[in-house]
Amino acid sequence: MVYLYWILVAVMLVGVIGSFAPAIPGIGLIALAIAVWGLVNGFTGLGIPLTVAVVCLLVGTGVDFLATYLGAKKAGASKWGQIGAVVGLLLGVFGLLPALPFGGPFLGLLIGPIAGAILGEFLFRKDLWLAIKAGLGIVVGSLIGRLVQFILAIATFAVFLWMTLPTVTAVPGAA
């Protein structure tokens, strides 16, 4: 049982990383790990951590979409720029994987969305300066949303540990 706890804690740490890095599940993965621990233990003492996880998942998702939307709107981006950012993200992460297996996906994560947003806007507007401005707005908004999700993921993880760690370490024969 203790081994399962630490495996789920490791899964939650992946979720914390994923809350900031796209293509890796974030708070949803943390909530799933909490639910698995709850199923194993009859949800004893998990009311607060599970509630926090669900609320943070909903708030984080909403903030992520809202921040990206507001960043795009503030910069005057169109749907073309937003679509370009998503396509650029996917091509950046997966397209650079074969060429640069270690740094490629992370480099693509940084370059892909901005290049895709700029290209999408340029195809739509035919004005490079407006395309660059809109692309940067989309990326800045997205980064702000990811930062909020990261903070919420850390909070969710901390609440789970705070509520459950004493019970796991106090179990007789848990070593």
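This is a predicted model: local features need pLDDT of at least 70, side-chain atom pairs count only at pLDDT 80 or more; totals for chains, interfaces and linings use all residues.
Helices are DSSP runs of H or I with at least four residues, strands are DSSP runs of E with at least two, and both are numbered from the N terminus.

Figure 1. Residues are numbered from 1 along each chain as its sequence is written, local features need pLDDT of at least 70, side-chain atom pairs count only at pLDDT 80 or more, and totals for chains, interfaces and linings use all residues. Side-chain values use heavy atoms, with hydrogens and water left out. Of the 175 residues, 39% count as buried; buried means under 20% relative accessible area, exposed means over 50%, and partly exposed lies in between (1.4 Å probe, protein chains only). Contact means heavy atoms within 4.5 Å. Among contacts between residues at least 6 apart in sequence, 68% join residues at least 24 apart.

**Figure 2. Helix H2 covers residues 27–41.** The expected span of a helix is 1.5 Å times one less than its number of residues. For the 15 residues of H2 this gives 21 Å, and the C-alpha atoms at its ends are 21 Å apart, which agrees. Its buried residues are Ile27, Leu29, Ile30, Ala31, Ala33, Ile34, Trp37 and Gly38. Among the elements that cover them are helix H1 (2–18), helix H3 (47–75) and helix H6 (128–169). Just after H2, Gly42 takes a positive phi of about 65°.

**Figure 3. Helices H1 and H2 pack against each other.** Two packed helices are described by the angle between their axes and the distance between the axes. Axes are lines fitted to C-alpha atoms, for helices over the stretch in contact, and angles run from 0 to 180 degrees between N-to-C directions. H1 and H2 pack at an angle of about 165°, with their axes 7 Å apart. That angle makes H1 roughly antiparallel to H2; angles under 35 degrees count as roughly parallel, over 145 as roughly antiparallel, 65 to 115 as roughly perpendicular and the rest as oblique. The crossing of H1 and H2 is left-handed, a term used if the near helix is turned anticlockwise from the far one by less than a right angle, and right-handed if clockwise. On the H1 side, the residues that meet H2 include Leu4, Tyr5, Leu8 and Met12. On the H2 side, the partners include Ile30, Ile34 and Trp37.

**Figure 4. Helices H2 and H3 also pack together.** Their angle is about 160°, and their axes are 9 Å apart. H2 and H3 are therefore roughly antiparallel to each other, and their crossing is left-handed. The contact is made by Ile27, Gly28, Ala31, Ile34 and Ala35 of H2 with Pro49, Leu50, Ala53, Cys56 and Leu57 of H3.

**Figure 5. The largest nonpolar core has 20 residues.** A nonpolar core is a set of buried Ala, Val, Leu, Ile, Met, Phe, Trp, Tyr and Cys residues joined through side-chain atoms within 4.5 Å. Those with the most contacts inside this core are Tyr5, Met12, Ile30, Ile34, Trp37 and Phe160. H1, H2, H3 and H6 each supply at least two of its residues. Not counting residues up to four places away in sequence, Tyr5 touches Trp37, Phe160, Leu161, Thr164, Leu165 and Val168. A second, separate core of six residues includes Ala77, Ala85, Ala134 and Ile138.

**Figure 6. Gly137 lies in helix H6.** Gly137 is buried, with a relative accessible area of 11%. Leaving aside neighbours within four places in sequence, Gly137 is in contact with Gly71, Ala72 and Ala75. Gly137 and Ala77 are 60 residues apart in sequence but 7.5 Å apart in space, C-alpha to C-alpha.

Figure 7. Most residues other than glycine have a negative phi.
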